[in-house]
Amino acid sequence: MDSLLLCLILAAAIAIGGREQLIIAQFSQQLERSGPLLVTGAVCAVISAGIMAYAGASMASILPQRAAEMLVAFALAIAGFELAWPVKIKPMKEPTRSYIAIGAVLLVRQIGDAPRFVIFAFAAEATYPTTALIGGAMGTLAAVGLGWAAGLTQLQKFPLRYYRLALGVCLFLVGLLIGLNARYTFL
């Protein structure tokens, strides 16, 4: 239950201002908040969360305990670096109305983003990785819904860059502490 709640909160907080949310917000604004766009974003969020949770649990199950902890540390550090990377969304000249194309772009963008690496880390460390999957999927669904409801112009009013930088530093430091603990076992 702890991994469900923590993964839900962390994935939702990290997904704010991310590429997937801004892409959904941009398409939502152009397509007048269509229902199929929200469904496409939700399905892609659940699929990508499932892929990363499965990958995290599978990789951690074949590793010794300390190596699995180091895997968690690397995943959190990668998530921190991804949060520090600037998010740039190009303005659309003519938006596509193909939800399959939108879904393909979203799924590719989501596989390597920070919330999915957090889901990966929680699934690798959790006793029951399904709880990390459910929590992470719910958190990213909330972020997709927020992007869909707000639209790009509303989201760009907030200082999302500084928010993501602060979260990135925090995640990197947590990954560093977990990695040092796995290596030297002092905590």
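**View 1. Arg164 and Glu82, two buried residues.** In this predicted model, Arg164 and Glu82 are both buried. The two side chains form a salt bridge, with the closest N and O atoms 3.6 Å apart. This pair joins distant parts of the chain, since Arg164 lies in helix H9 (residues 160-184) and Glu82 in helix H4, 82 residues apart.

**View 2. Glu82 and Arg19.** A salt bridge also forms between Glu82 and Arg19, whose closest N and O atoms are 2.5 Å apart. Glu82 has a relative accessible area of 14%, which is under 20%, so Glu82 counts as buried. Arg19 is buried too, at 15%. Together, Arg19, Glu82 and Arg164 make up a network of salt bridges.

**View 3. Asp113 and Arg116.** Asp113 and Arg116 meet through their side chains in a salt bridge, 3.3 Å from N to O. Asp113 is buried at 8% relative accessibility, and Arg116 is buried at 0%. The whole structure holds 4 salt bridges.

**View 4. Helix H1 against helix H7.** Helix H1 (residues 2-15) packs with helix H7 (residues 129-150) at an angle of about 30 degrees, and their axes are 7 Å apart. Because angles under 35 degrees count as roughly parallel, H1 is roughly parallel to H7. The crossing of H1 and H7 is right-handed. Residues in the contact include Leu4, Cys7 and Leu8 of H1, and Ile134, Gly135 and Met138 of H7. The contact of H1 with H7 comprises 10 nonpolar and 6 polar residues, and no charged ones.

Technical notes: Residues numbered from 1 in each chain as written. Predicted model: local features only at pLDDT ≥ 70, side-chain atom pairs only at ≥ 80, totals over all residues. Heavy atoms only, no water. Axes fitted to C-alpha atoms, helices over the stretch in contact; angles between N-to-C directions. Helix = DSSP H or I, 4+ residues; strand = E, 2+ residues; numbered from the N terminus. Parallel < 35°, antiparallel > 145°, perpendicular 65-115°, else oblique. Left-handed = near helix turned anticlockwise from the far one by under 90°. Contact = heavy atoms within 4.5 Å. Nonpolar A, V, L, I, M, F, W, Y, C, P; charged D, E, K, R; others polar. Buried < 20%, exposed > 50% of the residue type's maximum accessible area, 1.4 Å probe, protein only.
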